[in-house]
Every structure is written in C-alpha cells, then in structure tokens.
Amino acid sequence: MTEPADPPTPHPVAPPPPAPHPLAPQPLDTTSQLLSRITAQLGSQLTHLHLNGTRRPMSTPHPPTLVAVAHGSRDPRALTTVNALLDRVRELRPGLPVRLGHIELNAPLLTDTLAGLPHGDAVLVPLLLSRGHHVKHDLPGAAATAPHLRVRVAAPLGPHPLLVEALLARLTQAGWRPAHGTSRSTGVVLAAAGSRDPDSAADTRRTARLLSERLGGVPVLPAYASAATPTVPDAIRALTARGRHRIAVASYFTAPGLFATRSAAAAPWLAAEPLGPHPALARLVLHRYDQALAHPPVTAGSSRLVSA
C-alpha cells in the first residue's frame, strides 16, 4: 500500500487593509479631476438658465395633460384640421401630453377623453373663439364627470392678437394685398359661428376692431352664421351701402364646417379659409394652457374659467 499524500499547505491570506480613520486626511483630487467635476456641476446649473440669465423653472416629469376641446362637425375636414393643429402644438412643446375631446358630433367625446386619462391634472383648452355656453357650462360640466382628475378650464382662444395674425395670413392667402387697405372701396366681414351669450358677441366685436387696426383702418363688421345678428349677407349689404364694393369674408372658424362653408359662399369678392393649423393658433393654444396653470382647478358645479 502506498502512503496517502500529504494535503497541500494552504497559502496565508493577507489581511484586509485597515479602514482609514474618519479624521484622517483624504487624498486630494488631481487638477484634471477637479476641473471635470466643476465643469459638470456648472453645466448642470446652466441647463436651468435662460439666455438672458433668468432661472428656468425646473421641468416636471408629468406635466398636466392638455386636452384640446373642439366643437365637432359632420364635415370630415374638421377632424383632419384639428389633428394637424395639435401636431403643431406637440412640435412646439415636445413631451407635453396632448389629447383631443369633442363637445358633440365627433369621437372622441370630451367626457370619454377625460374618463380615459390617469389620475392627475388636466387643462381643458377650448378651440373656440369666444365665451359662450359651451365654454362656460359644457366644459366645467364635463370636468365634473371626472372626479379622478384635477381639471382647469382655460379661456377660449379669442380675442387675442395671435388670432388677428392668423386671420390676416388667411386673408393674404385668399388674395388680400396691403394696397387694399388704402382703398375706400374695400371692407371685411368677420364671419363667426354666433351665440346667444352677449359675452360671445363682445369678444367677436373686439376681434373685429383688432383686425381693422391691423388692416390700416379698413372697416371690419362682425357677422354670424347662427343665433345672432347681423348675418353674413346682412353685413355685406351694410358695407355695400357705405360704398364698399370689394368685400372680403374673413373666416373666424377654427376648422372647416357647415357654418364656415356657408359664410364663404356669401362672399362677393375674397373668401378666406378657416384658421386651421396656423402656427399662431398653435402658439395661442399653449399660451392659454400656461395661463390656466396659474389658477386653481375648477370645483364641481363651477362655471368659472380663466380670464382671457
């Protein structure tokens, strides 16, 4: 029999180095390490500054959802136009959740859009151009159906100088030229949907005044496709009686529809397209959204909205 081999002798294991004493001096960064750390911290701070030196507000991981509220129309061009407008809004503010809801006639309805949102905050931005029943009552009423949300209701888009910018652009596309503003034979009818609410008519009259100023004093008469007077044909006759024989119709509608089509058909000279996805309109949607964020959410049964 052979003798069993002796087991190998284990190598001694070096003990771990002693932990540094908490009061012992720590090694200093090298110059390159120090400069790198300062540069990183400075870059982080500069991301929160505007170019003029003012501090930029810290971004929030979940900004309130912007819910654009369209009226709705049986005209298939309306939905396409509204979606194109909201695409512009998304381009202007990447990362902002943007949804669409309709008051009637089109899906998704506003109440369905709100029901599908997760718990949190939402801002209803009406794609409507003046105060009226829809803005004052329908939007707060829809908000009350979504108790899981904290909802703010923004002011309607009009009146506002950005709308005048878009109106002028559409008139120019239709053939309006600066020289027409100096002619005593020209006039403009601002064709709007109309409402029985006197605040709505006041808003439309204010937009007409702003457009008149932008056109160099050309008379601009507000007119309505329904629920208010004068009608578009009545306004055209009134301007004709004042010696204005070259009359353009400015389409004070967000998107194509029955009222916009009827108003354009009455034009004796130029007929502008609806405002549609004009860049100024997209900027105005975001402006109303930002305004609303400075106000508290609506309460159940409230008809309060943010002041224009």
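Let's start in the loop between E4 and H5, where Pro-159 lies. Those labels are DSSP runs, numbered from the N terminus: helices are H or I with at least four residues, strands are E with at least two. The bond joining Gly-158 to Pro-159 is a cis peptide bond, with omega about -5°. There is another cis peptide bond from Ala-107 to Pro-108, with omega near 0°. Pro-108 sits in the loop between E2 and helix H3 (110-115).

Before I go on, a word on what you're looking at. This is a predicted model, in which local features need pLDDT of at least 70 and side-chain atom pairs count only at pLDDT 80 or more, while totals for chains, interfaces and linings use all residues. Residues are numbered from 1 along each chain as its sequence is written, and side-chain values use heavy atoms, leaving out hydrogens and water.

Staying in the loop between E2 and H3, we also find Leu-105. Leu-105 is not a glycine, yet its phi is positive, about 75°. Its relative accessibility is 42%, so Leu-105 counts as partly exposed (buried means under 20% relative accessible area, exposed over 50%, partly exposed in between, with a 1.4 Å probe and protein chains only). Ala-227 also has a positive phi, near 65°. You'll find Ala-227 in the loop between strand E6 (220-224) and H7, and it is partly exposed at 40% relative accessible area.

Now the sheet. In what order do the strands of the open sheet run? The order is E2-E1-E3-E4, 4 strands with parallel pairing, where two strands pair if DSSP finds at least two bridges between them. Strand E2 (98-102) and strand E4 (149-153) stand at the edges with a single partner strand each, so one side of each has no neighbour in the sheet. On average, neighbouring strands here are turned by 30° against each other, direction ignored. Strand E3 (residues 120-126) is joined to E4 by 5 bridges, and Gly-120 has Leu-149 in E4 as its bridge partner.

Two helices lie across these strands. Helix H2 (residues 76-92) lies across strand E1 (65-70) and E2, at about 155° to E2. Helix H4 (residues 133-144) lies across E1, E3 and E4, at about 170° to E4. For these angles, axes are lines fitted to C-alpha atoms, for helices over the stretch in contact, and the angles run from 0 to 180 degrees between N-to-C directions. Contact itself means heavy atoms within 4.5 Å.

How do helix H5 (residues 161-174) and helix H6 (residues 198-214) pack? They pack at an angle of about 60°, with axes 10 Å apart. H5 and H6 are therefore oblique to each other (under 35 degrees is roughly parallel, over 145 roughly antiparallel, 65 to 115 roughly perpendicular, and the rest oblique). Among the residues making the contact are Leu-168 of H5 and Leu-211 of H6.

Leu-211 takes us inside. The largest nonpolar core has 50 residues, and Leu-66, Leu-157, Val-188, Leu-211 and Leu-215 touch the most other members. A nonpolar core is a set of buried Ala, Val, Leu, Ile, Met, Phe, Trp, Tyr and Cys residues joined through side-chain atoms within 4.5 Å. Helix H9 (residues 279-293) gives the most to this core, with 8 residues. A second, separate core of 18 residues includes Leu-114, Ala-122, Val-135 and Leu-139.
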